[in-house]
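Thanks, I will keep this short. Please have the sequence and the model open while I talk.

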Amino acid sequence: MAAYFCATDRKTPLKAKAILMAALAYFVVPADLIPDFIIAFGFTDDISVLIAAINSVKSHITTEHEEKAQVWLDVND
């Protein structure tokens, strides 16, 4: 959720937004390297892409993004 808030923040550089949105698109598009219906392995490529994206832009994920994410998670618990 913090990555989402980072990607939608006006202050986040375009390159960081593009990386995060591309990773999100990979996660939701049904065509990927390892089909999601394969039990125990289907989401490993999706998670790997998300982790790589977050690691590459983590300097742009601020405390404010993390706090918004925590509030969202608390409300939608």
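Start with Tyr4, which is partly exposed at a relative accessible area of 44%; buried means under 20%, exposed over 50%, and partly exposed in between, with a 1.4 Å probe and protein chains only. Phe5 counts as buried, at 16% relative accessibility.

A word on the source. This is a predicted model, where local features need pLDDT of at least 70, side-chain atom pairs count only at pLDDT 80 or more, and totals for chains, interfaces and linings use all residues. Residues are numbered from 1 along each chain as its sequence is written, and side-chain values use heavy atoms, with hydrogens and water left out.

The structure holds 1 aromatic pair. Tyr4 and Phe5 form this pair, edge-to-face, at 5.4 Å centre to centre and 70° between the planes. Rings of Phe, Tyr and Trp (its six-membered ring) pair if their centres lie within 6.5 Å; planes under 30 degrees apart are stacked, over 60 edge-to-face, the rest tilted.

Next, the core. Phe5 belongs to the largest nonpolar core, which has 10 residues, among them Cys6, Leu20 and Ile61. Such a core is a set of buried Ala, Val, Leu, Ile, Met, Phe, Trp, Tyr and Cys residues joined through side-chain atoms within 4.5 Å. H1 gives the most to this core, with 5 residues; helices (H or I, at least four residues) and strands (E, at least two) are DSSP runs, numbered from the N terminus.

What is Cys6 in contact with, leaving aside its neighbours within four places in sequence? Thr12, Leu20, His60, Ile61 and His65, where contact means heavy atoms within 4.5 Å.
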